[in-house]
Structures are given as structure tokens and as C-alpha cells.
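Q: Got a model here to go through. Can you walk me through the packing?
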Amino acid sequence: MLDVPTVRLRLADELDPVWRATAEALGADDVPIPFWAFAWAGGIAIARYLVEHPEAVAGRTVLDLATGSGLCAIAALRAGAVRATGADIDPFAEAAVALNARANAVRVGFVGRDLLDDEPPAADVILAGDTWYEGPLAERVLPWLAQAATHGTSVLVGDPGRRYLPAIGLVQLAAYDVHTTTQLEDRAVVAARVFTLSGVPSRSAR
Ligand SMILES: C[S@@+](CC[C@H](N)C(=O)[O-])C[C@H]1O[C@@H](n2cnc3c(N)ncnc32)[C@H](O)[C@@H]1O
């Protein structure tokens, strides 16, 4: 059950069959989790925040970094964003985002290359839902978001307390108990928080 009243998503009930199918489709054994087939707790928290605070994105352009299913981009459009683009390096994410956008009668752009290698693109708001689950990604995301913030972009981060969530540089805006799935987490309801950035050195300043 997705407890975001404004968004409908086509999601998987079980992890293993989708994971096996993606491995078969790619002809490889070692493929990442099909992140795009689930709504992750950090993204759900951002989506819930946008239901309560549509002014955070209304009338603004949005980039949903690590979009997965497209959850945060769709939530932003449903809250009144003028344009939303999802970015994800998973080759299956684009199709998942398109499917879910259609289910919500919205249009979501998509970028499949790794934006963290470049300067952050122009956007009024960047959303980063559940991006602190692995060290190498976490190390790249925070300075990149900070660089975006120095260009005047608002940043919202959603996270359920993953291992690599930065201990400093984030200011909490809201907290939610979100329904997730025990296919992904060890319990069905997880405490997740929404943050913005505060005083993080940007990539260019390091
Ligand atoms: C835990 S999922 C979160 C998905 C979605 N934001 C949500 O909360 O439901 C993390 C996502 O990050 C994506 N990802 C990993 N590295 C990335 C990168 N360098 N750029 C963009 N997306 C990336 C993965 O493919 C995956 O879809």
C-alpha cells in the first residue's frame, strides 16, 4: 500500500521474481535490485511532504535524482510543479517512470546518464529520495546537492536512517511513519524524515 494519497504507482509485490527477470533480461547474474519496482521509504517521505507542502514545488521546475519508479517526480507534478524530470542510471527505470506517469496522467521527463559526473542542471528544486544506502553513491550525492544549492536550487532529501545518511549538513523538515514492504525492509512501517541542506561544502568549494 502506498500511503501517498496523490500518487498511484504500479509496483511489484515480491522482489525475487522481478530481480530474476531483470537478470535474465540483462543476461547477467549480478544485477542491482530492481529499485524501480518499489516505492522506497525515503521517496515516500518526500512525496508525503509534498502533499502537505505543495508550495515547495508548485510553479517550479523539479529534478528527481535517483527517481526509481518516478515517485517523487510524480508527487511533485501532482503538487503543482510545472515540469519534473527523473534521473536514474538503472536501464529499466525509464520504462517504469513512463508507466507510472501515465497512471497519474502526468508527463515526467527522464535522464538516464549519471548526472553526478556533471554540474547540477538548472532546476528550481532537486528531490533526492533514498539515496544514502551505499557508500560510493552517498559520497558523491551530498557535495553535488550542495553545489546545486549554491546555485539557488532548493534541495529536499528523504531518508529512513540509511547507513550512509550524513550526520551533518542536513536540517530536518518533517518526519513520517511510512508504510513500506518487508520485501525491502525488516518491518512494514518505517520512520522516515525529510531534510534540506545546511552549510555543506559544495563540490567546487572542496
Ligand atoms: C533506493 S532507490 C530510491 C528510488 C526512489 N527515489 C524512491 O525513493 O522510491 C535508489 C535509486 O538510485 C538510483 N541510482 C543509483 N546511483 C545513481 C546515480 N548515480 N544517478 C541516478 N540514480 C542513481 C538507483 O538506480 C535507484 O533507482
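This is a predicted model: local features need pLDDT of at least 70, side-chain atom pairs count only at pLDDT 80 or more; totals for chains, interfaces and linings use all residues.

Q: Fine. How many residues of α2 are buried?
A: In α2, 10 of the 12 residues are buried, so by that cut-off the helix is mostly covered.

Q: Which ones?
A: The buried residues of α2 are A41, G42, G43, I44, A45, I46, A47, R48, Y49 and L50.

Q: And what do the buried residues of α2 pack against?
A: They pack against α3, β4, β5 (154-159), β6 and β7.

Q: What is the reach of α2, end to end?
A: From its first C-alpha to its last, α2 reaches 17 Å. That is close to the 16 Å expected at 1.5 Å a residue.

Q: Switching to the core. Which residues of the largest nonpolar core touch the most other members?
A: Y49, L50, V57, V62, V108 and L127 do, in a core of 37 residues. The elements giving two or more residues to this core are α2 (41-52), α3 (71-78), α4, β4 (125-129), β6 (170-179) and β7 (189-197).

Q: Now α1. Which residues are buried there?
A: L15, V18, T22 and A23 are buried in α1. Seen down the helix axis, the buried residues fall within an arc of 140°, so they line one face of α1.

Q: Why would a helix do that?
A: An α-helix has 3.6 residues a turn, so residues three or four places apart point the same way.

Q: Which residues are exposed on the other side of α1?
A: R20 and E24 are exposed there. Just after α1, G27 takes a positive phi of about 65°.

Q: Last one: N104. Where is N104?
A: N104 is in the loop between α4 (93-103) and β3 (109-111).

Q: Buried or exposed, N104?
A: N104 counts as buried, because its relative accessibility is 5%.

Q: What lies 2.6 Å from a polar atom of the N104 side chain?
A: The backbone oxygen of R8 does. Leaving aside neighbours within four places in sequence, N104 is in contact with T6, V7, R8, I74 and R78.

Conventions:
Residues are numbered from 1 along each chain as its sequence is written. Side-chain values use heavy atoms; hydrogens and water are left out. Helices (H or I, at least four residues) and strands (E, at least two) are DSSP runs, numbered from the N terminus. Buried means under 20% relative accessible area, exposed over 50%, partly exposed in between (1.4 Å probe, protein chains only). A polar contact is a pair of N or O atoms within 3.5 Å; within protein, one must be able to donate a hydrogen and the other to accept it, and residues adjacent in sequence count only if both atoms are side-chain atoms. Contact means heavy atoms within 4.5 Å. A nonpolar core is a set of buried Ala, Val, Leu, Ile, Met, Phe, Trp, Tyr and Cys residues joined through side-chain atoms within 4.5 Å. The expected span of a helix is 1.5 Å times one less than its number of residues. The arc is that of the directions from the helix axis to the C-beta atoms.
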